[in-house]
Amino acid sequence: MRFAVEEINQNRNLLPNFTLGYEIYDSCATHVGGQRAILAALNGPEEAQSAMCSGTAPLLVVIGDSGSSQSIVVSGTLQPFRIPMISYFSTCSCLSDRKKYPTFFRVIPSDDYQVKAITRLLLQFGWKWVGMIAEDDDYGRYALQGLLREFRNIGVCLAYYEMIPKVYNQRRIHEILRVMKQSTAKVVIAFAGEGELYPLLKEYMDQNITGIQWIASEAWVTASIFTGSHFYPFLGGTIGFSVRQGKIPGLKDYLLTVNPLRHPKNALVQELWGVLYGCFLQTPNGTSQNFPQLPACTGQEPLLDTVYVDTSNLRLSYCVYKAVYAIAYSLHNLISCEPGKGPFQNSSCADPANLYPWQMQQYLQEVSFIISGEEVNFDEKGDSVPSYDLINWQRDTSGKIQFINVGMFDGAKDAGKELFIKEDAIVWTGNKSQVLVSVCSDSCTPGSRKAVRRGEPLCCFDCVPCDDGKISNQTGVFHCTPCPEDYWSNTARTECIPKAVEFLTHDAMGLTLTVISVVGACLTAAILLVFIRHRNTPIVRVNNSELSFFILLSLILCFLCALLFIGEPTVWSCMLRHTAFSITFSLCISCILGKTLVVLAAFTATRPGNNIMKWLGPKQQRVIIFACTLVQVLICSVWLIAAPPFPFKNTQYSRSKIILECSVGSDWAFWSVLGYIGLLACLCFVLAFLARKLPGNFNEAKYITFSILIFCAVWLAFIPAYVSSPGKFTVAVEIFAILASSFGLLLCLFAPKCYIILLKPQKNTKQHIMGKVVK
C-alpha cells in the first residue's frame with residue numbers, strides 16, 4: 001500500500017498537483033480490533049484520549065479489512081458516514097448485499113463465484129461425495145450455504161460438514177478428524193483461513209491421516225506456512241482456486257530499501273529485522289523494543305533473497321495494489337470533472353477542496369482502468385471481475401511445496417466454458433497421476449437405475465435393473481425409459497428392440513393342425529367317393545343318399561375352413577375364417593336336422609292314416625336345409641356390413657410380444673353365429689334323442705344322437721378354453737374345436753356305414769336292414 005501511494009504521488013499524469021495521504025491501523029484480525037481501528041481512524045490517532053465519535057477526520061475511503069467478519073463490522077460502522085471501503089481479501093457473498101452494505105467494494109471475487117468454480121471442478125473430475133470443513137464465522141457459513149445451493153443443482157452430496165472453532169479446542173479438532181476418518185468421502189473442501197486451519201492440519205499430520213484430496217479455498221491455497229517439506233506427504237496434491245496473480249513492477253527494489261534506520265518509528269520493520277536476522281535494534285536507552293533476549297544488530301544488514309523480498313507470486317499484495325489505484329483513478333476522474341457534465345444534481349461536479357465520501361463512492365462505482373494488463377472495475381454489487389487461478393500443490397527439487405498454476409476460472413465467460421484445466425499437469429494426493437474416486441455408491445451401469453436408500457443422501461443408492469419394457473442406455477439415471485408400444489427391452493435392458501410378432505403359423509403346432517385338417521378333408525372325400533360308388537346299395541339308399549352327400553360335402557368344407565385360421569391375419573382372412581366356418585357348420589347341422597326329421601317321419605308314417613312323408617319329400621328337405629342355412633348367411637351379412645372382423649395387434653395380453661389376431665369386430669355377432677349353430681344342434685339332438693328307440697336293425701337316430709352329443713360337448717368346452725387361452729393358442733383352440741366336432745360328426749354318422757359297406761358287405765342287404773335275416 002505504501003509503495004502504491006508513493007508511486008501514485010510521483011506520477012505526473014495521475015492526480016497532478018494532488019498528494020495522497022494515508023493512515024494504517026491494525027485490526028488484529030478480530031471484530032473488536034476492526035471496530036476500534038475504524039473508530040480511531042474517524043476520531044484521530046489518539047483513540048484513548050479522544051471522545052468516541054466526537055468528530056470526524058477528513059476520511060474519504062477505507063482499504064480493508066482482510067477477514068469477512070471484520071469487514072462486516074467495519075462496513076456497518078462506516079455506513080452512517082457514507083464512507084466507502086474497498087476490501088482486498090473479504091470474499092463472503094453476504095457482502096454483495098447492497099441493501100445491507102451499500103458502501104462496500106472489493107477487488108477480490110465474491111465467494112459466490114468461488115463456490116461456482118468449486119462445483120465446476122467437482123463435476124469435471126466426477127466427485128459426487130465430498131466433505132466440508134469451514135471456519136466458524138460468516139466466511140465459512142456463507143460458503144457452506146452457497147455450496148449446498150449449488151450441490152442441489154448438480155447432484156453432488158455433502159457427506160458431512162464440520163466447523164472449526166475460532167478459539168482452539170483440541171477436543172473439537174479430534175472430533176472433526178474422527179468424522180473425516182470414518183467417512184467414505186475422499187474429497188474435502190476447506191473454507192478457512194490459514195490461522196484457523198493450521199491447528200487442524202497439524203493434528204491431521206500427527207495422526208498420520210492420508211488419502212484425502214483437499215480442495216482449498218483462496219484463503220489458504222497459497223499460504224506459505226504450509227510449504228515446508230514435512231507437509232507434502234499429507235497435503236501434496238491439494239488443489240484450489242486462488243486470487244489471480246499479478247505483477248507489481250518496482251516492488252522488489254522498493255522492499256530492498258526498507259531498513260530500521262530509514263523507518264525508526266515503525267515497529268513492524270523492527271520486528272521484521274528480529275525475525276530475519278535474529279537480533280534486536282539498539283534504542284537510544286539501550287533496550288530492545290521487541291526482542292530483548294537477542295543480540296544487537298545495526299539495522300544496516302542487507303535484505304538478501306528471502307521470502308520477504310520474493311515478489312514472483314503476488315496475489316493478495318496485488319489486490320491491495322489494485323485497491324489503491326482504484327481510489328487514485330476515482331479521485332482523478334472526480335477532479336477532472338467538467339462543469340455541467342458531473343454525476344450529481346443538476347449535472348454538477350464535486351468540489352475537490354470540499355470533498356464528501358458519498359461523492360467518492362459515486363466515482364468508485366463507475367471507475368474502470370487497466371493495470372498490469374488487467375481491467376479493474378466494479379459491478380452494481382461492488383464486486384470485481386470474477387476470475388481465479390487454479391493452483392496445485394506440487395513438490396519442488398528441494399522437497400518443499402510449490403504452488404503450480406494448472407488452470408483458471410473466468411466467471412465472465414459463457415456457462416460451461418468458465419473453467420479451463422491442464423489435467424496432465426496436475427499431481428494428485430499421494431503423488432499419483434490418476435484422479436481419486438470419491439462417490440458414495442458406484443455409478444449404475446446402463447440397464448439399471450438408481451434406487452435411493454431411505455434416510456440417506458441422493459448420492460447413496462442401490463442399482464436396480466430396469467423393469468421389463470424399460471431401458472437405460474446411460475450411466476447413473478434415476479428413471480428407466482419405457483419402450484414404445486411396438487418395442488420391448490432386450491435382455492440387458494439397454495435398448496428397445498421390436499417386439500416378437502406372434503400368430504399361428506406353420507410351426508410345429510400349426511403344421512400339425514394343417515395336416516389333421518387336410519387328412520380330415522381327404523378322409524371325408526374318400527367316404528364321399530365310397531358312398532357315390534355304393535349309392536345304389538341298400539345302406540346308402542335307406543339313409544337318404546342325397547342328404548348324406550350334402551353332409552359329407554359340408555364336412556369337407558368344415559375341415560378346409562380350419563386352414564383359414566392358420567397364417568398371418570389379413571382383412572380378407574379375418575372375414576372369411578369366421579363367416580366360412582359359421583356357414584359351413586350351419587349347412588352341415590341343417591342337413592343332419594333334415595335327416596333327423598326324415599328318420600323320425602319315416603317311422604311315424606308307418607302308422608295307419610299318417611301321411612307325413614308327403615311333407616318331407618326331397619324338395620321339402622332342400623327347402624329346410626336352404627332356409628336354415630340362409631338364416632346364418634343373413635346373420636353373417638349383417639355382421640360383415642356393420643362391424644366386420646379385422647386384423648388386430650394385441651399388445652395387452654403379453655407385454656413382450658405382439659399377438660396378431662383377428663378381432664371379431666362385433667362380439668354380439670360372433671356369439672350370435674355360434675348361438676345359432678348351437679340352436680340347430682340342440683334341436684337336432686332333441687329330435688334324434690326322441691327317435692333313438694325306434695324299431696329297426698339299423699337305427700340312424702342313435703348315430704345322430706351320439707354325433708350331436710359330441711358336437712355339443714366340444715363346443716361347450718370350447719367357450720371357456722377360447723376365453724382363457726393366450727396368444728396364438730386362442731386360434732389353435734378354435735381350430736381344434738372345428739376339427740374335433742367335424743371328426744365327431746364324420747365318425748359317428750359314417751364310420752358304421754363304411755364298416756358295413758367295405759368290411760361287412762353281407763349285411764348291406766335289404767333283409768338285414770329290415771331285420772328279416774334268418775339266423
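Two strands pair if DSSP finds at least two bridges between them. Helices (H or I, at least four residues) and strands (E, at least two) are DSSP runs, numbered from the N terminus. The model is predicted: local features need pLDDT of at least 70, side-chain atom pairs count only at pLDDT 80 or more, and totals for chains, interfaces and linings use all residues. Residues are numbered from 1 along each chain as its sequence is written, and side-chain values use heavy atoms, with hydrogens and water left out.

**View 1. Strands β8 and β13 run antiparallel.** S242 has D389 of β13 as its bridge partner.

**View 2. An open sheet is formed by 8 strands.** The order of the strands is β5-β4-β6-β7-β8-β13-β14-β15, with mixed pairing. The edges are β5 (157–164) and β15 (419–421); each has a single partner strand, so one side of each lacks a neighbour in the sheet. On average, neighbouring strands of this sheet are turned by 30° against each other, direction ignored.

**View 3. Helix α4 lies across several strands.** Helix α4 spans residues 111–124, and the strands it lies across are β4 (129–135), β6 (187–191), β7 (213–216), β8, β13, β14 (401–410) and β15. The helix runs at about 170° to β6. Axes here are lines fitted to C-alpha atoms, for helices over the stretch in contact, and angles run from 0 to 180 degrees between N-to-C directions.

**View 4. Helices α11 and α12 pack against each other.** Two packed helices are described by the angle between their axes and the distance between the axes. For α11 (residues 316–335) and α12 (residues 357–366) the angle is about 105° and the axes are 9 Å apart. The two helices are therefore roughly perpendicular (angles under 35 degrees count as roughly parallel, over 145 as roughly antiparallel, 65 to 115 as roughly perpendicular and the rest as oblique). Contact means heavy atoms within 4.5 Å. A326, I327, S330, L331, N333 and L334 of α11 meet Q359, M360, Y363 and L364 of α12. Among the residues of this contact, 7 are nonpolar, 3 are polar and none is charged (Ala, Val, Leu, Ile, Met, Phe, Trp, Tyr, Cys and Pro count as nonpolar, Asp, Glu, Lys and Arg as charged, and the others, Gly among them, as polar).

**View 5. S93 sits in the loop between β2 (85–87) and β3 (104–106).** With 15% relative accessibility, S93 counts as buried (buried means under 20% relative accessible area, exposed over 50%, partly exposed in between, with a 1.4 Å probe and protein chains only). Leaving aside neighbours within four places in sequence, S93 is in contact with R106, S110, D111, D112 and Y142.

**View 6. S372 and N431 have positive phi values.** S372, in the loop between β11 (368–371) and β12 (374–377), has phi near 55° and is not a glycine. N431, in the loop between β15 and β16 (448–452), has phi of about 60° and is not a glycine either. S372 is partly exposed at 43% relative accessibility, and N431 is partly exposed with a relative accessible area of 46%.

**View 7. The peptide bond from G64 to D65 is cis.** Its omega is near -10°. D65 belongs to the loop between β1 (62–63) and α3 (68–78).
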